Amino acid sequence: MYKEVLRAMDGVAVFPSISLILFFGFFVLLISYLIKTGKHHWDDVANLPLDTDENINQKLSES
Amino acid sequence: MSMDTFHYDNKIVRNFGIAAMTFGIIGFIVGLIIALKLIFPDFLGFIPELSYGRLRPLHTNAVIFAFAGNAIFYGVYYSLPRLCKAPMWSPVLSQIHFWGWQLIILSAVLTLPFGITTSKEYAELEWPIDIAITIIWVVFGVNMIMTIMKRREKHLYVAIWFYIATFVTVAVLHLVNSFEVPATLLKSYPIYAGVQDALVQWWYGHNAVAFFLTTPFLGIMYYFIPKAANRPIFSYRLSIVHFWSLIFIYIWAGPHHLLYTSLPGWAQALGTVFSLMLIAPSWGGMLNGLLTLRGAWDKVREDPVLKFLVVGVTAYGMVTFEGPMLSIANVNAIAHYSDYIVGHVHNGALMWNGGLTFAMLYYITPKIYKTKLHSVKLANIHFWFATLGAIFYVIPMYWGGITQSLMWKQFTADGFLQYPNFLETVVQIIPMYALRAFGGALFIVGAIFGVYNILKTAMNGSLVDQEEAQAPALVQTGEESGGHWHRKLEGKPLKFTVLVVISILIGGIVEYMPTALIDSNIPTIESVKPYTPLEIEGRDIYIAEGCNNCHSQMIRPFRSETERYGEYSKAGEFVYDHPHLWGSKRTGPDLHRIGGKYPDSWHLRHMYDPNSTSPGSIMPAYPWMLEKEIDEESIPNRINALRTVGVPYADGYEKLAIRDLRAQAEQITNGLRENGFSSVEGIEITSDKQIIAMIAYLQRLGVDISGTKDPFEGLPSNARMGANIKEN
């Protein structure tokens, strides 16, 4: 049944090209977005693995 | 601010660590055994359960799913709770996951050596185990997703994205690749045939490498390199680009395993293009890992954890450079089917997966046992054994692979094959096989040092079973202001998971669907007919013995191959092949056109003792095929299952199948007797033995295309059923 559905589509072969263009579009937008956000915007998230319990306790006692 | 107190479960972490080490050592040793069998084919005698074809899938399954699998869970169960500042959601699910996974491994040990296999690479386990894998994988996923939902840290760190991608993609891959129809309790046939089966299999196989051996280990890299070096990842922004482009592109690259095969050209081209693109995210990730160590290289000199991490990530860089290069058609033409690929794989497996696993073991064990590593010196010795072992493994495989491949392709000035006898090209590289076994042995010795060191470390300390931790509860502050959507996305695990699913499905659907659905992709060949019952039995024995581990059934359209093997393989020839048996490695010659090439008696003698027909052959002997009986009883069930997956056996044929089987077996046996082969070395040849089915299958291979003989002609059912089969 589902074979019929796909067979009925005209130009099913352009789908790969569309996927590729979509991906490149997404990729370019993502990079331009990340450049815009700036490096330091992400510092806190990048430090998450280093944010151990000891560090948290330390921070809390300092504050 | 109020603080929640909670406990990390270190016991489950330790258990996964023990399992990884135990199955690692076992898997490596099985690898060494099969490496030795290529040098000494009679090593370990003629025990069917220990023959090369049955042990090779045991090795790959042990190292991928038992060693690397347990290592992944070891890393996830340690890092995920710490990144989420929450314990694993359900200790019960953690236990079910742990024991369920170990039982699956046990079931692999109890089936693969006994010839119970689907033959599909890295998915050899039969259907009941496939179901168990699905259940346990879902248990893991639920436990992981719920832990993420109950977290105390708003942002999901990049390592967690890779864990999420691993879970969802492996689930999709496993489900789609495991659509099969059971014939008996331990035998099934995939619903896909030939070209489609090959495409699905390598979509799965390639992405098993991507999402079982790469993405979880990238998550591990993103957590453990910053931890071990005590500095944040080089570029968080790069990790965002790395993640999305890697998971989107990887899924497309599968067809590079099928270049020059009967797969439609456009699918091959897509596979190549995306494989080349893959170098960008792979190297982005690799550099992100290595550059994290800038300014900390002095630590690498002293810390074995960092040594293993650095060499592991470097090996990842080498392998992900090689991968795209090997996907270029004319490079692939040389490397494919050769030992080069075995070297390529082990470069990644030994140093990237093995290295990162041991780095984790050396990092986590002292932490959860609140002690110091027993011996840094011994860990350094382990490091050198592992590195040298990998070098001694990989380089001979590269050398041997290219040497043999060039010999396959060498013509004389007169235009004849210079090495028409395949065996000549095998004998040439046996010294390389010996060096490889030496390298593997070095790696194992190193691993044993490592395990000893870890055990001593554990014995020196005491396990902090439930590690107390504190963190403020997650306060829902509503939407973050500002337009930083990815940052917001990192706080929304479900939305994130949905986007991951979409990213990985696009490639699979676009690439696979047209091949499955458009007739013009697989031109049918009128004269290609289903297998006879005796040939089905022979084919199933071929699968059980794992012949496809060393023999391909796919002749590429090169003059060097058509001269050696015969006409190149056409897509339409495989329409009844459930599963496909194209293979991926030629330790022995291709068999697609073996039918009719030699007399039945040649196959009889060759299977009993390959050296009797091919002196110097490293093929194992299969003397038990002359004594083991054909499984007649399940033939009707197998015919029914094959009909269900689309092979056009007429209704009711299952009732006539055994008669056909016996009649064809008698014909072959009588033929052998007439030529003086009523017995071999005192073993009487009778028509109920496996060897007869094997001969029937081998003689059928690749002959249909000539259209000279109807395979059902002369069988009792032919008069009544033959017409129906043709009509279907």
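Mentor: Let's start with a term: two residues are in contact if their C-beta atoms, placed from the backbone, lie within 7 Å. This is a predicted model, in which local features need pLDDT of at least 70, side-chain atom pairs count only at pLDDT 80 or more, and totals for chains, interfaces and linings use all residues. Residues are numbered from 1 along each chain as its sequence is written, and chains are lettered from A and ligands numbered from 1 in the order in which they are written.

Trainee: Leaving aside neighbours within four places in sequence, which residues is B:Met360 in contact with?

Mentor: B:Met360 is one of the residues that touch the most other members of the largest nonpolar core, which has 179 residues. Such a core joins buried Ala, Val, Leu, Ile, Met, Phe, Trp, Tyr and Cys through C-beta atoms within 7 Å, where buried means 20 or more other C-beta atoms within 10 Å of a residue's own. With neighbours within four places set aside, the partners of B:Met360 are B:Ala71, B:Tyr74, B:Gly75, B:Ile220 and B:Phe224.

Trainee: Nice! Which helix of chain A gives the most to the side that touches chain B?

Mentor: In total, 26 residues of chain A are in contact with 29 residues of chain B. α1 (2-7), α2 (15-37), α3 (43-46) and α4 (53-62) each supply at least two residues of that side of chain A. The most, 9 residues, comes from α2(A).

Note on methods
Buried ≥ 20, exposed ≤ 12 C-beta atoms within 10 Å, placed from the backbone. Helix = DSSP H or I, 4+ residues; strand = E, 2+ residues; numbered from the N terminus.
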